[in-house]
Amino acid sequence: MRGHVDEHRPRLRLSIVAVVSVALFASLFARLYDLQVVGAGDYQVQAEANRVRTVQIPAPRGRILDRDGKVIVDNRVAVVVAVDRSVLSELPRARRDDVIGRLALDLTGAGNPVSPQEILARLEDERFNRYAPVPIAVDVPEELKIYFDERAADYPSVVVERTALRAYPYGPLAAHIIGYVGKIDPTELAAHQDETAKPYTLNDEIGKTGVEQTYERWLRGTPGLRRIEVDAEGDPVRVISERPPRAGDDLVLSLDVDVQALAEQKVQQGLADARARPNRDGTRNAATKGAAVVLDPNNGQVIAMASYPSYDPNIAVDGFDAAEWARLNDPVNHYPLNNWAIQGQWAPGSTYKLFMGYAALMAGVMAPDTVFSDRGGYLIPGCSGDPHCYRRNAGGAAYGNVTIQRAITVSSDAYFYNVGAQFWLQRERLGGEEALQTHLRPWGLGDGTGVALTSEASGRVPTPAWKREYAERVDGDPDWRTGDSVNMGIGQGDVLVTPLQLANGYATFANGGTRYVPKVAIRAQAYQTDRVTQKFEPEVAEKVPLPPHVRQPLYDGLVGVPVSGTAVRAFSGFPLDTYPIAGKTGTAQVDEKSDTAVFAAFGPAPAPRYAMAVFLEESGFGGTASAPVARALFDALSGVVPLQPAGPNGLPVGAAAPLAPTGASYD
Amino acid sequence: MARTTLDLSRIPSRERQLRTPSERGRRRDESLFRDRAPAAWRHVDLVLLMCTAAVSALGALMILSSTRGTDPDVYDLSFLRKQVFFLVMGVIGMVLVTLVDYRRLRDFAWLPYAVGLVLLALVVSPLGTEQRGTQAWFQLGSFQLQPAELAKVTVVLAVAALLAGSEVPLRVHRVGLTLLVFGVPTALIMLQPDLGTALVFVAIATGMLLIAGARARHVVVLTAVGVIAVVGVLTSDVLETYQRDRLTGFLDQDGTDLQAEAYNLDQSKAAIASGSTSGKGLFEGTQTRLGFVPEQHTDFIFTAVGEELGFVGSATVLGLLALMCLRIWRTAQIAHDRLGMLICVGVLSMLVFQIFQNVGMTMGIMPITGITLPFMSYGGSSVLASWLAIGLVLNVHMRRFG
C-alpha cells in the first residue's frame, strides 16, 4: 500500500494541476494587462469610431453689403421637404410606396414637379449622409409645411425643415460682381478637401462666381456638427453633442448701390440710344454689350461696375434649370453671365493716347512743347505703293500745328501716328524693339489688374515677339512693321484692354502714378454686427514714374477734352469750372462692325475722387455714345443731379431688358 | 481503501481527536437527514461561497449592462430577472447537493449520469432545438435546457465514483473504462456538434485520470491521441466550414477580411481594451450598450467587465475566479478521501479550462468556441451546472473530517 502511495503520489500530481492552473491564469492576466494597459489607446479610438457618426448642419452664409451697409445679398428662410431614410426603411413596402407616391403628387401640385421615381433615386443616392434627411424639394410654399405638419401621421418619414437661401433685395443689381452660389461639384470638393475649419460635404453650397466665389472663405458659415451615437447595426440611438452652426461673415463691398444702379441704367440706356441712332453712312449700331467701371483713384476701390447684358441672380437660387442655363449660354443673348467689365476686351481707340503721350514724353520722342503739324493724315515713313501707307485722321479733320496737350484735347491721330512710327524707327536709340511697350506696361496694360473676381481677361500690349508667335500659332505676317506701331499710336490694331484696366490706368494717372489693385470688398465683419473680422486694405501694384513735366501737358490735354475737345457736346452744361473733368474719348474701329465707343475720365481733375471707363460695343463714336454715360455718372457723383436711390429691381428706373428667347436673331 | 492511505500524523491534533472510530461509527448510523449535523455546517468553505456569490452577482450586473438596450436612460430588466431566477435555482441546487454526504451520492452516481446520457441522446434527436448550426437545446416554454452543461457535473461525479476505489496506478482496463464513461457523452456532444463542450470533457478527463493515479505513459499517450483527435476534427467534415473558421480564426487576427468571426473577435478585443485601466464605468461602456459584441451576455460577458470596469475590475474578477479555483484545489488537498479529492479535481479541471478558454477567447489567445464563463454568462443550464459543481466541492469540504 505504501508503495502505491509513493508511486502515484497524489500530492505531487495535485501540484502539477496547481502549476498548470497558475500558468493558465497567469497568461490570462498577462494578456489582460497587454490589452488594457499597454494597448488601450488604439482600441479606444476604434470603439469611439464604432459608435459615433457626425452630421454637418449647414450654416447661413454671410450677407453682402454695399459700402454704406445697404444689404445687397440677404438670406431668407425657405421650406425644405425632406425624407428621413431611417424612418422610411422601417415601413412596410406597400406603405413606403404609398407615402412616396402621395408626396410626389403633393409636391407636383404645389408647383415643384417631381416623380416618385425621382424621389426614390434621390433616396438611394449614397452621397447623402445616412444620418440626415434627404432633401426632396427646396423652397416650397409655406402652406405645404403647414399641410405636412398637420398630417404627420399620414406622411411618416416626411420631414419639413427650414433652410437659408440667398435673397436679393435689389434684384439683378450688381449680379456680376456678386456672382451666385450653387451645389459644390466633385472638382471643387476635391480642391477643398483639406479645409478643416469649414469642411465641405457633397450637398453643400459654394460660391460659383463673383465675390460669392472669391470671398468664399469669409462668406461661408461654419457648419454645425451633430455627433450621433449609433448601435452595431448603424441605427442612430441618440444625439451625443451638437455644435450649432455659425453664420459666415458679412462682406462689405466697395460698391455704392446707388451709383451701381445708375451705371447699370446708363449703360443700358446708352446702348439703347446707340441702337436708335443711325450712323453717318446709314448703318445701324448693334449696340449689344457694354460695361462701365467707376473707381476711387485714391485706393483702387470699385465704386460701380456695370456689365450689360445682365441676368437675375434669383434664377441661380437652388440651381439653374436646364432651359434657363441654355438661354444664358446661347450666343444670341450675348452671354449675360459674363462680366464684360473684366472679361470684355476691346481696342481702346484714342483713350490709349494718354499712355502713348506718356511714352513719347518719357522716352524723349516728343518734348512737351514739340509742335507737330497735323494736316489731316500721316504718311508712314518708308512705305509706298499701298493705299494703307497714308493714314487719315478720324473724320479727315486737319488740326494744324499741335503740341501734345492740344493733340490730346482734339484727339489728333496724325500726332500719335507719328509717335508710334518714331518709336519703331528710332528703336535702336530708344532701347530696342519693345521701347514703346516698356512705357505702356507700368499702367497695368496687357496684364490682369488682380481684382478679386475670377475670369479676368488680361488685355494685350502687342510686341514684335507676340506678333511672331501669333503668326506661327494662327496665321498672318510674322514681321513687325512701322504700321503696327502707327496703329498702336491710336489704340488700334492689336491693342486690347478691358474696361477695368482702362479705368485703372486713368485712376493711376489721376492720383499721380500709384497703380492700385482694384478692390471690390472693403472688409468682412461678423454676421449682422459691426465687428470687423478682416480689413481688405488698399494694395499698391506699381508706382509709375510721373514727373511733373510729363504729367502736366497730358493733364491739361485731358482737362481740355470736355471744354474744347471731343467731349464738348456730352459735357455741355456741366459746371466744369467748379468740377473740372479730365477725360478722353475713344472710337475703335472693328472690321465690318460699328465702332466701339469708349470714354475714360477722372474728376474732379485737380483732386480726383472718381475715375471711370465706359465701353459700348458697336455703338459709334465715343464722344456721342459713351461720353454721355460718363456725363450722367458725373452729374450724380458731383451732386449736380441728385443721385436716385436704387430700387428693388436694381435700377432707378425700369428693369433689366428681358432676354430674347433662344434662337431669335438680333440685328 | 483510499482513506487508509491518508497520513493521519499530518492532520492537526484537534481534528484527529474528532476522528475516532466511535465517532465515525456513530455517523454511519445516522439517517440521511440527520447527517445534516451542525458540525458539518460549521466547516463550510465561506471563502469559496463568497467568491462564487460575488462573481455571480457581478455577472448578473454585467448581463444587465449588456442586455438593457441601446438607450442610455432606459433599462430593460428582462434578462437580469431571468438570470437572477437562474441564480436562485443554482443556489437551491447547490444547497440540495450539500445536504447529502458525497459518499452517499457515490452509491447512486450512475443515476444522474444515465439521465445525462439519455438527455444528450434525445437532444440530437428531433426533440432538440438547433441554434447557429448546433443542436444542443431543449425548448421548454420560454426556457432552454442545455443537457451538455449538466452532463459535465454528472460525469465528474460518476468518474469520481468509478476511480475512487481503483487500484493505484490505474490498470489499463480501468483507464479504458474511464475513457468509455467520458467518451459516450463526449461523442454525443460531438454529434450536436459542440467542440467547445467536448473539449471541457477532455480537460476533466485529463485532470481526473492524472490525479486518480494513471501511469505517466498513459497520460502522455492519451494527450497525443487527444491532439490527433482535435486536429482530425478540424480537418474533417464533422464541423461545418464556418465552425472550423471560428475555431481557427484566432490564429490569423490581423487578416484583413472582416468576416463574422474576425468581426466578433475584433469587437471583443476593442471592448476589453478600450476599458483601459479603470474602465468606462458601470453601464457606460459604448461597445456593450450599443451591441457591438455579438453574444455578449452569454459567451462574451467578460468583454462587458473589461470595457466598463477596466483592468482593475477584470483583474479583480479573474482574481476572484482564481481564488475560487485555489479553494477548490485546497479542498482537493484536504479532502477526507480519494472520492472527495477526485470530485474537486474534476470540478477544478472543468472550471479552469472553461475560464481559460472563455476569457482567452475574448482576448484573442484562444479560439472562439461556444462555451460559457461559469457563474457569469447568461443561461440557466450553465448557472445551474456551475453551482451544482460548487455544491459538490462544498460538500467535500464540509465533510473533510469524516
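Trainee: Which residue stands opposite B:Phe143 in β3(B)?
Mentor: That's B:Leu140. Keep in mind that this is a predicted model.
Trainee: Okay. How many bridges join β2(B) to β3(B), and do they run parallel or antiparallel?
Mentor: Three bridges, and the strands run antiparallel. β3(B) covers residues 143–145 of chain B.
Trainee: What about the turn of that hairpin, which residue has a positive phi there?
Mentor: B:Gly141, with a phi near 60°. The hairpin of β2(B) and β3(B) has two residues between the strands.
Trainee: And how does β2(B) pair with β1(B)?
Mentor: In the antiparallel sense, again over three bridges. β1(B) is residues 129–131 and β2(B) is residues 134–140. In that pairing, B:Thr129 stands opposite B:Trp137.
Trainee: Which residue takes a positive phi in that hairpin?
Mentor: B:Arg132, near 50°. Two residues sit between the strands β1(B) and β2(B).
Trainee: Switching topic: how many residues does each chain bring to the contact?
Mentor: Chain B brings 44 residues and chain A brings 36.
Trainee: Which elements of chain B give two or more residues to that side?
Mentor: Those are α10 (195–212), α13 (260–274), α14 (286–289), α15 (301–334) and α16 (338–362) of chain B. The largest share comes from α15(B), with 11 residues.
Trainee: How about chain B, what's the average pLDDT?
Mentor: It averages 86, and 85% of the residues score at least 70. Watch residues 1–31 of chain B, though: pLDDT stays under 50 there. The model has 18 contacts beyond four places in sequence for that stretch.
Trainee: Back to α16(B). Are its residues mostly buried or exposed?
Mentor: Mostly covered: 24 of the 25 residues of α16(B) are buried.
Trainee: What span should that helix have?
Mentor: At 1.5 Å a residue, its 25 residues should span 36 Å, and the end C-alpha atoms are 36 Å apart, so the two agree. Just after α16(B), B:Gly364 takes a positive phi of about 80°.
Trainee: Now chain A. How many helices and strands does it have?
Mentor: 24 helices and 23 strands. Its radius of gyration is 35 Å, well over the 26 Å that the globule rule gives for 667 residues, so chain A is more spread out than a compact globule.
Trainee: What box do its C-alpha atoms fill?
Mentor: Roughly 150 × 70 × 50 Å, along the principal axes. As for burial, 46% of the 667 residues of chain A count as buried.
Trainee: And which contacts in chain A are between residues at least 24 apart?
Mentor: 75% of those between residues at least 6 apart in sequence.
Trainee: Last one: which strand pairs with β1(A) over six bridges?
Mentor: β8(A), residues 224–230, in the antiparallel sense. There, A:Arg53 has A:Ile228 as its bridge partner. β8(A) also pairs with β9(A), residues 236–243, antiparallel over six bridges, and A:Arg227 partners A:Ser241 in β9(A).
Trainee: Which residue has a positive phi in the hairpin of β8(A) and β9(A)?
Mentor: A:Gly234, near 85°, in a hairpin with five residues between the strands.

Definitions and conventions: Residues numbered from 1 in each chain as written. Chains lettered and ligands numbered in written order. Predicted model: local features only at pLDDT ≥ 70, side-chain atom pairs only at ≥ 80, totals over all residues. Contact = placed C-beta atoms within 7 Å. Helix = DSSP H or I, 4+ residues; strand = E, 2+ residues; numbered from the N terminus. pLDDT = per-residue confidence, 0-100. Rg over C-alpha atoms; globule rule 2.2 N^0.38 Å. Buried ≥ 20, exposed ≤ 12 C-beta atoms within 10 Å, placed from the backbone. Expected span 1.5 Å × (residues − 1). Pairing = 2+ DSSP bridges.
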